[in-house]
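User: I am new to this structure and would like to learn how to read its features one by one. Could you take me through them slowly?

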Amino acid sequence: MSQPDAAADPLDGAVIDARLHALAAFTDVPGQMTRLSLSPSHKAAAGQVADWFRAAGLEGVHLDGTGSVVGRYAADRADAPTLILGSHIDTVRNAGIYDGNLGVLVALAAVEALNRSGRRLPVAVEVVAFADEEGVRFLSTLSSSRALAGTFDPACLDEPDASGITRRAALEAFGAPVEAISGLARDPARTLGYVEVHIEQGPVLEECGAPLGIVTGIAGASRARVVVRGQAGHSGTLPMVLRQDALTAAAEMVLAVEARGGRDVAPESLVATVGLLEVPGSAVNVVPGEVRFSLDVRASDDGVRKAAVTDISDAITAIAARRGVAAEIVWGHDAPATPCDPDLRARLEAAAATLGLDAPSLASGAGHDAMVFRGIMPMAMLFVRSRNGSHNPREAAEAADIGLAARTLHAFLLGLGA
Ligand code: GLV
Ligand code: MN
Ligand code: MN
């Protein structure tokens with residue numbers, strides 16, 4: 001396991017970037033960044049992160065019941081409240097190396113810098129590498145952060161992945177103490193809030209030439225799985241008029257999703273996506289009998305999102321009826337839009353200003369662990385300028401910008417003690 005260089009400045013962006021590249025070696029698929037939640041490579045990455053946590057001066061480093069790596073930097077007094085810093089280390093398939101991982105390693109760097117200088121704050125700082133942010137493997141998502149927020153749904157333990165492995169079985173294989181999940185909720189009265197650093201995953205900061213931005217709020221999201229069932233048949237013998245082709249029906253449904261997503265434009269920033277489509281048992285000479293696809297609908301206004309969800313469900317049902325196929329829609333993940341806390345935002349802005357940075361405010365279209373703390377404790381996010389979007393291997397962030405984020409977070413922490 002690679003250890004931090006004792007001589008290097010932990011807040012140096014190049015040092016953090018080197019760790020990001022080292023962590024990227026933990027992948028399910030050699031040659032690409034694929035680290036699905038609770039996979040063997042996730043387990044190995046969690047081990048590396050735990051080692052770095054310990055070397056940085058975090059105490060009580062452990063895997064919690066949902067698979068998160070958790071460590072604590074004690075306060076200068078016994079009765080101090082706790083601030084939680086975190087992000088996630090699971091990834092989508094063929095991901096970039098910065099989504100999630102950057103936030104964990106920047107938080108680690110900020111605390112490491114405190115520890116190096118022997119500085120204790122009037123708040124304890126907990127650093128968390130969440131295990132379930134991307135929602136690629138199981139239908140529901142954010143179970144790790146929800147456990148801290150006190151909104152973990154035990155039913156998600158029985159959810160199977162595509163190969164029938166339940167979340168409970170995956171957690172047990174991961175070595176997570178599942179039986180301890182119910183005790184993970186943090187006491188909001190004893191918790192100052194949650195702060196997450198993340199790459200922007202969009203073009204706004206790049207366009208305005210700013211290395212860092214302060215997030216105003218996170219868009220709400222609804223996700224579903226759809227199964228379309230028609231009738232499989234011989235592609236040579238089944239006349240066109242007699243077909244119940246699940247794939248052509250699904251094609252029309254996908255276009256309906258795109259059309260509804262594009263109907264309302266900013267400021268609600270509605271988007272609707274079919275990101276996954278499967279034709280099980282497909283072959284060149286078979287009229288498809290079954291198709292499965294995903295739905296992902298997001299907006300910064302919950303009313304706009306819910307209206308789109310209703311319309312999309314109705315459109316799919318109508319297309320299925322007209323084409324003589326069945327469509328089953330199971331809505332799973334449902335997260336409301338989440339505003340960031342004004343006081344934490346102002347503190348992040350002031351911290352950036354100590355570096356001479358004027359960090360603009362911007363909304364987050366992507367989902368984050370931070371959103372589960374809505375209505376439970378104050379939450380804020382610091383975005384780092386990134387290139388080439390996200391959820392693809394071209395996703396990138398400059399080491400210099402990562403360093404500015406680490407220095408800003410460090411200044412923010414020092415500000416809590418001022
Ligand atoms: C997570 O990255 C999401 O927004 O889907
Ligand atoms: Mn992320
Ligand atoms: Mn992501």
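**Metal site**

Analyst: The protein donors of the manganese ion (ligand 2) are His 88 (NE2), Asp 99 (OD) and His 198 (NE2), which lie 2.1 to 2.3 Å from the ion. Donors here are N, O and S atoms within 2.8 Å of the metal (3.2 Å for Na, K and Ca), and water is not among the atoms, so sites may look incomplete. This is a predicted model, in which local features need pLDDT of at least 70 and side-chain atom pairs count only at pLDDT 80 or more, while totals for chains, interfaces and linings use all residues. Residues are numbered from 1 along each chain as its sequence is written, chains are lettered from A and ligands numbered from 1 in the order in which they are written, and side-chain values use heavy atoms, with hydrogens and water left out.

User: How are the donor residues of the manganese ion (ligand 2) spaced in sequence, and which parts of the chain do Asp 99 and His 198 link?

Analyst: The spacing is H-x10-D-x98-H. Asp 99 sits in the loop between β3 (82-88) and α3 (101-116), and His 198 in strand β5 (residues 191-199), so that this pair links distant parts of the chain, 99 residues apart. Helices (H or I, at least four residues) and strands (E, at least two) are DSSP runs, numbered from the N terminus.

User: Are Asp 99 and His 198 buried or exposed?

Analyst: Buried means under 20% relative accessible area, exposed means over 50%, and partly exposed is in between (1.4 Å probe, protein chains only). Asp 99 is buried, with a relative accessible area of 4%, and His 198 is buried as well, at 1%.

User: Which residues coordinate the manganese ion (ligand 3)?

Analyst: Its donors are Asp 99 (OD), Glu 134 (OE), Glu 134 (OE) and His 391 (NE2), at 2.0 to 2.5 Å. Asp 99 bridges this ion and the manganese ion (ligand 2), and the two ions lie 3.5 Å apart. Glu 134 is buried, with a relative accessible area of 7%.

User: What should I look for in ligand 1, and which residues are around ligand 1?

Analyst: A residue is near a molecule or strand if one of its heavy atoms lies within 4 Å of it. Around ligand 1 are Glu 133, Glu 134, Arg 223, Arg 298, Ala 366, Gly 367 and His 391. For polar contacts, the general idea is a pair of N or O atoms within 3.5 Å; within protein, one must be able to donate a hydrogen and the other to accept it, and residues adjacent in sequence count only if both atoms are side-chain atoms. A polar side-chain atom of Arg 223 lies 2.7 Å from an oxygen atom of ligand 1, and a polar backbone atom of Gly 367 lies 2.6 Å from an oxygen atom of ligand 1.

User: How many aromatic pairs does a search of the whole structure find?

Analyst: Rings of Phe, Tyr and Trp (its six-membered ring) pair if their centres lie within 6.5 Å, and planes under 30 degrees apart count as stacked, over 60 as edge-to-face and the rest as tilted. The search finds two pairs. Phe 130 and Tyr 194 form a tilted pair, 6.1 Å centre to centre with 45° between the planes, and this pair links strand β4 (residues 124-130) with strand β5, 64 residues apart. Phe 130 is buried, at 0% relative accessible area, and Tyr 194 is likewise buried at 0%. Tyr 194 and Phe 373 form a stacked pair, 4.6 Å centre to centre with 25° between the planes. Phe 130, Tyr 194 and Phe 373 form one aromatic cluster.
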